[in-house]
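Trainee: Could we go through this model together? I would like to ask about it piece by piece.
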Amino acid sequence: MRARFPEFRLGKVLATSFTATLTERRGNAVERIPTPQRLVDWLAVNGLAVESCTPAQLELAWELRESIHAALTAAAIQEALPASAVQVINDCSIQGRAAAVLTSEGNRRWRLSSASCVEDALGVIAADAISIIAGERDGKLALCASPTCQAAFFDTSQSRTRRWCDMNTCGNRQKKARFNANQRRAPDQQSNR
């Protein structure tokens with residue numbers, strides 16, 4: 001029987017989807033890529049298929065993920081980028097080998113060669129993070145309003161006022177908590193009449 005892992009939280013932005021492989025960072029953390037094979041699965045779902053992953057490559061992926069998270073968080077709150085995070089992101093970007101290709105819809109996609117390895121895929125993720133942090137993309141970096149999450153996300157909504165990294169999880173949880181709090185207050189208000 002195959003082990004059950006938490007579902008991936010996929011988004012439209014590669015770098016922030018990658019940081020979302022560790023969620024609830026300020027609560028009960030949920031690791032979504034706990035094994036080398038799970039990283040291979042995540043990369044495949046995101047169009048960066050590689051054949052295998054070693055434990056050392058998984059460690060490198062975790063280091064890149066945390067470096068991207070630290071840099072995105074600093075950029076979102078307009079603080080200096082952590083030098084160690086910048087170094088890891090740059091190193092991964094430099095080591096990766098991938099080609100940008102144009103789709104028939106006019107979008108850019110990354111293509112890895114058939115001999116590509118995890119480092120090549122991580123290079124694409126690092127390059128995506130660089131484009132976001134450098135302000136090359138239309139959108140705004142923000143932090144999730146959930147006190148147990150506070151994930152960095154890239155807001156591309158028209159108003160740039162999104163509050164949650166994912167409405168189906170963090171947003172729903174907060175709305176439900178507010179609803180329940182209001183329901184508990186309602187009987188108290190009625191008894192005071």
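This is a predicted model: local features need pLDDT of at least 70, side-chain atom pairs count only at pLDDT 80 or more; totals for chains, interfaces and linings use all residues.

Trainee: How many residues does helix α3 have, and how far does it reach?
Mentor: Helix α3 covers residues 55-76, which is 22 residues, and reaches 31 Å from its first C-alpha to its last. That is close to the 32 Å expected at 1.5 Å a residue, where the expected span is 1.5 Å times one less than the number of residues. Helices here are DSSP runs of H or I with at least four residues, strands are runs of E with at least two, and both are numbered from the N terminus.

Trainee: And how many helices and strands are there in the chain?
Mentor: There are six helices and six strands, and their order from the N terminus is α-β-β-α-α-α-β-β-α-β-β-α.

Trainee: Turning to charges, how many salt bridges does the structure hold?
Mentor: It holds six, a salt bridge being a side-chain nitrogen of Lys or Arg within 4 Å of a carboxyl oxygen of Asp or Glu. One of them joins R25 and E66, at 2.5 Å from N to O. R25 is in the loop between β1 (22-23) and β2 (30-31) while E66 is in helix α3, so this pair ties together parts 41 residues apart in sequence.

Trainee: Which other residue does E66 form a salt bridge with?
Mentor: E66 also pairs with R65, with 2.8 Å between the closest N and O atoms. R65 is buried at 3% relative accessible area, whereas E66 is partly exposed at 31%. Buried means under 20% relative accessible area, exposed over 50%, and partly exposed in between, with a 1.4 Å probe and protein chains only.

Trainee: What about D138?
Mentor: D138 forms a salt bridge with R160, the closest N and O atoms lying 2.6 Å apart. R160 is in the loop between β6 (152-155) and α6 (167-191), and D138 is in the loop between α5 (118-133) and β5 (140-143), 22 residues away. D138 is exposed, at 64% relative accessible area. As for shared partners, salt bridges join R25, E31, R65 and E66 into one network.

Trainee: Now C92, please. Where does it lie, and is it buried or exposed?
Mentor: C92 lies in helix α4 (residues 83-95) and is buried, with 3% relative accessible area.

Trainee: Which residues does C92 touch?
Mentor: Leaving out residues up to four places away in sequence, C92 touches L60, L64, E119, L122, G123 and A126, where contact means heavy atoms within 4.5 Å. The C-alpha atoms of C92 and L60 are 8.9 Å apart, and these two residues are separated by 32 residues along the chain.

Trainee: Finally, what share of the chain counts as buried?
Mentor: Of its 193 residues, 38% count as buried. Among contacts with a separation of 6 or more, 55% are between residues 24 or more positions apart.

How values were computed
Residues are numbered from 1 along each chain as its sequence is written. Side-chain values use heavy atoms; hydrogens and water are left out.
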